[in-house]
Every structure is written in C-alpha cells, then in structure tokens.
Amino acid sequence: LECNISIDVTRRWDAFLVDPEKDGEVIHEIDITELDSNTKSMLYVPEFFFDPGFYKLRYNVNMSAPTARPPMFHRKWVDTFIEIKPSLIIPQMSEGAQSRVTRGFPQMLALNPANYSINPDDPDDMEFEITWYCRRVGTGEQIDRSLPHDQQPLVSPMYSRLKDLPGILAQGRKFDSKDYLAKEKAYDEGGCFGTGPGRINLTAGHLEWSTLVFFKPNETYEVLVHIDKGDRPPSWGAIQLVLLEQVPPSVNVRCQTEKLCYPFEPIGQKINPVRVGLTGICSENCDGDLVYTWEIIGMDNETEVPLEDAPQYLVGANELKMALSDDFFKVYYPMFGDFIAKLTVTNEYGVSGVSDLFLHVNKPPQDGTCSFGPHEGRALLDKFTASCSGWTDPEGFNIEFFAFWMRNMESDVLTFLTYGPDHTVHLLLPFGDFLIGADIKDKEGATTRINMTRIVTRLPTRTEFEEYLNDRSLDNADAAGDQAKMNQMSQAITSLMNARLQDDYENEIEIDCNNT
C-alpha cells in the first residue's frame, strides 16, 4: 500500500428539473456548465437562471489516484431540492412611483400601471390583468380586498362633466368651482365620484382623466389597482390624489437611485435606513422661477407628525434634488418607521403643487443572539465557533445572509472571515487583538451588526507552526473547495511569518525559572 501519493479531487454540480407530484422524478437535466461556480463547493446561481419550477441539485466529489498501488477511485454525491417561484409584480402607478400627487380642479391626471409596473422575472412580459378601485381618504372608507371583483360595487367617473371642460379652461383662473358645483346640485354619497367607494368601470391598463370627473376639490382620493398575472399571487398598488380648487404646478417625486428603493404594497417605497436621494420633477404650470421646499413627516400609526428639525439633516432641503443623510436616520429611526417626503413647488403666481413619497423603512433582523467561543486560543491552530440563532425579519422575509468578521483593534481594519447562509461557522484567526462580530442581513439588504467578543490570540510555538505547515492543511482545504477556510488560513499564516515564535525549549526554561 503506497500512501505518499497525490490525489486528484474534482467537484461538479448537476441540476435537474423534477416533477414534485411524482416523488421528484427527473424530467430533464439542466445545463449549468456556463456557471463559474459549477466546479466549486458553493454553487452560485444568478437571478433568472432557472425558470419557475422544482429542481434537484446534485453535488459530486470525485477522488482519483490512478498511479497509486492499488489505484484509487472514489465518488460521492449528495442531493438537495429547491423550488423557484415567480416573483410578485411590483406595482407602479406612474413614472417616478410617487405616493401622493396634487392636482387642480380641473387638471390632467395620467396613471399607467400597465406600463410602469415591473415584472422582476421578465421586464418584457407586461401582460397583466388590471382592475381599478377608488375611495375617498379620511372618511373611513375601505376597499374590501377579500371580495371577488364581480361582487364589488361598480362606480363610474363623472364623464358627463367633460362637455363643460372647454368652457372651464377658457375661464382660466377665473373659474369658480364652488359656483359650478352648486349649480350641479349633485348628492354626495362618498367615494371618488359621489357614489361610494368601489371598483371603477374601467378595463384599460391606463387612464388619462381630467380631474373634473372626481366629485369635488378639497378632498384626497386614493386610486388603487389589483394586478393579476395568473401564475403568481396578485399585487396591489395605489396612489393618492390631493385635489385643490386652484391649478398648481404638476410635480412628481422619485428616488434618485431606483435600486435603493423597493415598492411597498399598497403604497409608497421601502428603503433601508441609510443615505437616500430623492428628486422632484415639475411637468406642468412650472412658470417662472420656482421655489422648492422639502418637508419630512414622521408617521405614528396613521398620525402625521411634522419633524421641525429634520431640514438640518437634509442635503438640499430647498433644491430640486434632496438626500436624507445617515444622521437623519440616527435621529428619527426607529422612533418612526414610516415617513412622508413632501416636495412643494411654488410658481411665479404663488400657486403651489405638492407631491409626496411615502417611505417605509425596511426593518433589520431582530430578536436573535450571536455567540463566539472559546474566548482564548492560538492563532492558526485552534478552531473557534461563531453562531447566530433566533433572528427574524419583521417584514416576514427569510434571513438569507450571515457575515462573520473581525476588526483589528490596532489598525481598525475590518475583515470578513466568511459570509453566506450558514448561521454557525468554524473559524481560524490570525495573531493579534480582534473584535469579533456578525452582520445579519435580510432579503432586501437591511442589516443588523452585532459585536460578539474581543479576543487576543496567542502565538503557537515554532515547532507547532512548522508541523502545521508540513501536514498540508492548506492543500487539503483547497482540495475540499473551502475558499473561506483557505482565506482564513492564509491570513493567519501571513500574520505569523513576521512574528517571533518561541521554541519549545524556551517555554521549558521559562517554566523552570518560574518554579525556581
């Protein structure tokens, strides 16, 4: 038997589409050879690579030594099953995804969820079934989402008024809305059109209305859409319309960087509590020099709380573009979990238009603990265990990411040791004084950082270090495909190269001296 030989180790992932109704019977194999991680210990599959369905993933390890006596050939594999589900449609009522807009009576309102909503799985597949609803805000009206569409009250916009629109527009600023409504003598039963809340008699995926079709000004209306793709649960989106007597500038508000904002059902955008930039767009009645004013309002349940000191934490509070600074969130979050970013644009006639963006702060993981041990040990040679448990996402998403790190207390440099879905890991540390911690991150990027412990690792003896190098531990980690362990070993070995390692006999002399 020859033991002093080299063994070739190869790793490979296979993927199969399976039928869950037939105990995982393979339908056909999926070619994943184009993935760089196909031959690594951890498979990384980019988004949209797999279509929706059930899959079996197989990890193969082959060990071979054909020149050995006797030759050695070993193969092992293990299977796991995953389900890929279609992503929910992300509703967006208009360009910019603002949550509340201000319009005059009358003024144009254009909404196009069929065009601006997002299918995360295929941006070109925009075949949606859209059902429209409308209610009046502030009167306790609600849309019962549990009822089927055909059981909802059907309401129609006041299209009959459109015959009066040319004459109203000809009057310009002289139009008296109160006199117009008094002559009409319409009875108000609530809702957007005076007939109560309900499903709008509209089948198109977009609308472009004069606000004259709404019952009266000086009210806030909410237009909602139910978006159904058929192959996934439906989504709801909404936008609020503040209807004024005068015609103000038409203003839209949006996030400067779309990837930092996520649509929040049924209305608004979800953000992480870090610096976020917003921008406004004035598209109508933007005459002369415009004055911009940003205001941030905190939401306490359904009560709006003006934050009078917030402007000092805004970058560009009187400009078209504005950013919520990191300090803003340090002061006001988590005191408030929801905010309204309000942009007021005033034109040369002193008429102001307002657009609001509801901001829901994505709450980071909570209620968990992290531990580390043992609290002393040798650099490189001793194994340490870090573990996190009990973490939950307040929004109900899975916790998908644990990153364990060390901060060098001398240089203040933070280094990630390992990161991924594993909540318990075994670590090797370099020589030095370190703060050990963990980052727990949810699906949408909200992170909780935990400091676990501070540890000063001991030096191994010269003999221990040389024995470790001679036993080919680094090669074994490479053969196993454990990239994180290889990085930890390399960092630890580097830290010991310039350290003064004691010989074993030096330790014995020191012990003898202490006993004398």
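1. W209 is buried, with a relative accessible area of 7%. Buried means under 20% relative accessible area, exposed means over 50%, and partly exposed falls in between (1.4 Å probe, protein chains only). This is a predicted model, where local features need pLDDT of at least 70 and side-chain atom pairs count only at pLDDT 80 or more, while totals for chains, interfaces and linings use all residues. Residues are numbered from 1 along each chain as its sequence is written, and side-chain values use heavy atoms, with hydrogens and water left out.

2. W209 has an aromatic partner, Y159. Rings of Phe, Tyr and Trp (its six-membered ring) pair if their centres lie within 6.5 Å; planes under 30 degrees apart count as stacked, over 60 as edge-to-face and the rest as tilted. Y159 and W209 are edge-to-face, at 6.4 Å centre to centre and 80 degrees between the planes. Y159 sits in the loop between β8 (154-155) and α2 (165-171) and W209 in strand β10 (residues 207-210), so the pair ties together parts 50 residues apart in sequence. Helices (H or I, at least four residues) and strands (E, at least two) are DSSP runs, numbered from the N terminus. Y159 is partly exposed, at 39% relative accessible area.

3. The structure holds 17 aromatic pairs. Ring pairs also build a cluster: Y313, F328, F329, Y332, F336 and F339 are linked in this way.

4. Charges also sit over rings. The criterion is NZ of Lys or CZ of Arg within 6 Å of the ring centre and within 35 degrees of the ring normal. K56 lies over the face of F16, at 5.3 Å from the ring centre. R161 lies over the face of F215, at 6.0 Å from the ring centre.

5. How many salt bridges does a search of the whole structure find? It finds 21. A salt bridge is a side-chain nitrogen of Lys or Arg within 4 Å of a carboxyl oxygen of Asp or Glu. One of them joins D356 and R100, with the closest N and O atoms 2.4 Å apart. D356 lies in strand β22 (residues 352-361) and R100 in strand β5 (residues 100-104), so this pair ties together parts 256 residues apart in sequence. Both D356 and R100 are buried.

6. D121 forms a salt bridge with R232, the closest N and O atoms being 3.6 Å apart. D121 is in the loop between α1 (113-116) and β7 (129-136), and R232 is in the loop between β11 (219-228) and β12 (235-244), so the pair ties together parts 111 residues apart in sequence. D121 is partly exposed, at 27% relative accessible area. R232 is buried, at 10%.

7. D188 bridges to K216, with the closest N and O atoms 3.6 Å apart. D188 is in the loop between α3 (177-184) and β9 (198-200), K216 in the loop between β10 and β11, 28 residues apart. D188 is partly exposed at 28% relative accessibility, and K216 is partly exposed at 26%. Salt bridges link R136, D188, K216 and E219 in a network.

8. Finally, a sheet. Three strands form an open sheet in the order β23-β24-β27, with antiparallel pairing. Two strands pair if DSSP finds at least two bridges between them. The edge strands, β23 (369-373) and β27 (424-427), each pair on one side only. Strand β24 (residues 384-389) pairs with β27 over four bridges. T385 has H426 in β27 as its bridge partner.
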